Amino acid sequence: MTRSRLVSEDNIATTSSQKKGTTKRLDLKPEKKPVSKKMKKSTSICYTDKILDLITDPSIPTDAENTLNIKKDEDSLTVKTPVENTAIDYWTIAHYKCAKIANVAPQDRWKHAECLLKISLTGQHPDDLTTGKEMVTLIQSVFDRMMRHPNKKLLRHRPKKINL
C-alpha cells in the first residue's frame, strides 16, 4: 500500500513504504496566535504633549500682534498692539550691534537685537498707509545708497523649478 494515512490529532503521517512504527511530521504550521507586544512606557514626554494645554487654553489670545522690542543696556521695553484685520503686509526690522553678535549663531541673533520690530499692516487704517509708505521710503533709501557704491555687485536670481 502506497497511500498515506493522516492522523489529524497529532499531525503524524504513516506510510506503508516506511517501516511500520516510524512517523514523519507533516509540514503543517499551526495557526499563530497574535503576540501582543508590551509597549514600554516612555519616561520622556514629547514637546507637543507639553504644550498641548497651552495650545488649547482659551485664555491665551490667538490674535496676531504688532511688536516693538527695544533694549537699552540691561533694560528692555516691549510694546504690543493688536492687529485688527487680516494683514496684507508684514514687516520685520532688526537692529544689532555688530560687536554683540560677532560670536553668536545666526539663529540666536534675535535675542541680542537692540531693536526688533514686527508689524502687520492691513492697509485699511490711515496709520498703516503712512507706515507702509515710510517703510518703502526706508528701503528705497538703503537701495539708493547701495547702488551708489563703486564696488557693488549685482546678482540676478531665478526661481528654482519645483518638480511635483
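The following legends describe close-up views of a predicted model of one protein chain.

**View 1. Overall arrangement of the protein chain.** The protein chain contains three helices and seven strands. Read from the N terminus, its elements follow the order β-β-β-α-β-β-β-α-β-α. Of its 164 residues, 12% count as buried. Among contacts with a separation of 6 or more, 38% are made by residues 24 or more positions apart. The chain exposes about 16,000 Å², and 56% of this area is supplied by carbon and sulfur atoms.

**View 2. Helix α3 and its span.** Helix α3 comprises the 23 residues 126-148.

**View 3. The buried residues of α3 and their cover.** Asp 128, Gly 132 and Met 135 are the buried residues of α3. An α-helix has 3.6 residues a turn, so residues three or four places apart point the same way. The cover over the buried residues of α3 includes the strands β6 (89-95) and β7 (115-121).

**View 4. A nonpolar patch on the surface.** Ile 93, Leu 138, Ile 139, Val 142 and Met 146 make up a nonpolar surface patch, and together they have about 430 Å² of accessible area. Helix α3 is the element that gives the most to the patch, with four residues. One of the patch residues, Leu 138, lies in helix α3. Leu 138 has a relative accessible area of 41% and is therefore partly exposed, since that class lies between the cut-offs of 20% and 50%.

**View 5. Cys 98 and Cys 115.** Which class of exposure does Cys 98 fall into at 64% relative accessibility? Cys 98 counts as exposed because its value is over 50%. Cys 115, at 23% relative accessibility, counts as partly exposed. A disulfide is a covalent bond between the sulfur atoms of two cysteines. A search of the whole structure finds zero disulfides.

**View 6. Thr 86 in the loop between β5 and β6.** Thr 86 is placed in the loop that joins β5 (75-82) and β6. With a relative accessible area of 68%, Thr 86 is exposed. Thr 86 and Leu 121 are 35 residues apart along the chain, and their C-alpha atoms are separated by 8.4 Å.

Notes: Residues are numbered from 1 along each chain as its sequence is written. This is a predicted model: local features need pLDDT of at least 70, side-chain atom pairs count only at pLDDT 80 or more; totals for chains, interfaces and linings use all residues. Side-chain values use heavy atoms; hydrogens and water are left out. Helices (H or I, at least four residues) and strands (E, at least two) are DSSP runs, numbered from the N terminus. The expected span of a helix is 1.5 Å times one less than its number of residues. Buried means under 20% relative accessible area, exposed over 50%, partly exposed in between (1.4 Å probe, protein chains only). Contact means heavy atoms within 4.5 Å. A disulfide is a pair of cysteine sulfur atoms within 2.5 Å. Patches are made of residues with over 30% relative accessible area and no salt bridge: like charges are joined within 9 Å, nonpolar side chains (Val, Leu, Ile, Met, Phe, Trp, Tyr) within 5 Å. Accessible areas come from the Shrake-Rupley method with a 1.4 Å probe; for residues, only the protein chains shown count as cover. A salt bridge is a side-chain nitrogen of Lys or Arg within 4 Å of a carboxyl oxygen of Asp or Glu.
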